[in-house]
Amino acid sequence: MKCKRCKATAVVSLPSHNTGFCPDCFKLFFSRQVERGIHEQKLFTHDDRILVALSGGKDSLALMLELSRQGYNVTGLHIDLAIPVSSPAARGVVERFCALHGLPLIVKEMANEGLAIPAVKERLTRPICSACGKIKRYYFNKTAIDEGFTVLATGHNLDDEVARLFSNTLRWDAAYLSDQGPGLDSEDGFTRKVKPLWRLTEFETANYAFLMGIEHHYAPCPYSKGASFTFYKTLWQQLEETMPGRKLDFYQGFLERGRPAFAHVEATTGMTLAPCETCGYPTSSGSTCGVCRIRDAVANPKD
Ligand code: SF4
Ligand code: ZN
């Protein structure tokens, strides 16, 4: 197959776009898709201070590198969860990446916050991933607000978004459907959140990361188990192979026609938020926020 742009040998075939590219033209394709995703959804401008959540995976590193290449004002944020083997490996990748590209990085250490994930896991009866997710979201948001960033960007790609949309649709979860999308406005102490890779699949992002020589994190978290999202992603992959382009059509169709139909839901299900009495973070769950309750449970075991 020949590259669609320059007729050199293509190395990446993209059936969903009915095309293939050589390495340089694929990088250009990737950049243009990111640019288009930012502009179409008015995610941010060159005046914004963007905090990029860096897990150590290829998606977030690819996002950080591409935004910096496009001249955006980006700073990385890594949450060190203190999980043996997996956390030091992830942190090492992120630190080497930022040093190599001269990009600023903030690291938040959960061991110093009384929230090392293995200790949290010992105190909980429910699955650790929901608490871990809550802790990460809390520090993403808190760091953005405390340090004056105007936007928080995450490396969610089209496959992540379609799997989430599919899950919300299967349950007809109107509240989630009303605010799913690549951009979520700031409100009541929550920063603006954006997903600039929403037009790009996991496959495309992995190719970009490979072609740009991005080292990423291979040591999986020992607590991860097959989530339902992984199953939905496999289903969608099969659909995409038979009907190339269906993922992007489904997601774009939702943004244009589906989401507006749920807009009224958000207005009627608004929760009342009040500052946490301990840390000031907005919470709907009483006087103390969920993360302060977890920290308290770790510090003061009842048994
Ligand atoms: Fe946290 Fe590990 Fe679960 Fe991911 S898999 S949410 S890192 S506990
Ligand atoms: Zn709190």
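In the predicted model, ligand 1 is surrounded by Leu81, Ile117, Ile128, Cys129, Cys132, Gly133, Cys221, Tyr223 and Ser224. The greatest contribution to this shell comes from helix α5 (residues 128-146), which supplies four residues. By class, the shell around ligand 1 comprises seven nonpolar and two polar residues, with no charged residue.

Two of the helices, α2 (residues 58-69) and α8 (residues 202-211), have axes that come within 9 Å of each other and cross at roughly 65°. The crossing of α2 and α8 is left-handed. On the side of α2, the contact is formed by Lys58, Asp59, Leu61 and Ala62, while α8 contributes Thr205, Ala206, Tyr208 and Ala209. Five nonpolar residues, one polar residue and two charged residues make up this contact between α2 and α8.

Along the principal axes, the C-alpha atoms fill a box of roughly 65 × 45 × 40 Å. Of the 303 residues, 35% count as buried. Among contacts between residues at least 6 apart in sequence, 69% join residues at least 24 apart.

Terms used: Residues are numbered from 1 along each chain as its sequence is written. Chains are lettered from A and ligands numbered from 1 in the order in which they are written. This is a predicted model: local features need pLDDT of at least 70, side-chain atom pairs count only at pLDDT 80 or more; totals for chains, interfaces and linings use all residues. Axes are lines fitted to C-alpha atoms, for helices over the stretch in contact, and angles run from 0 to 180 degrees between N-to-C directions. A crossing is left-handed if the near helix is turned anticlockwise from the far one by less than a right angle, and right-handed if clockwise. Two residues are in contact if their C-beta atoms, placed from the backbone, lie within 7 Å. Ala, Val, Leu, Ile, Met, Phe, Trp, Tyr, Cys and Pro count as nonpolar, Asp, Glu, Lys and Arg as charged, and the others, Gly among them, as polar. A residue is near a molecule or strand if its C-beta atom, placed from the backbone, lies within 6 Å of it. A residue is buried if 20 or more other C-beta atoms lie within 10 Å of its own, exposed if 12 or fewer, and partly exposed in between; C-beta atoms are placed from the backbone.
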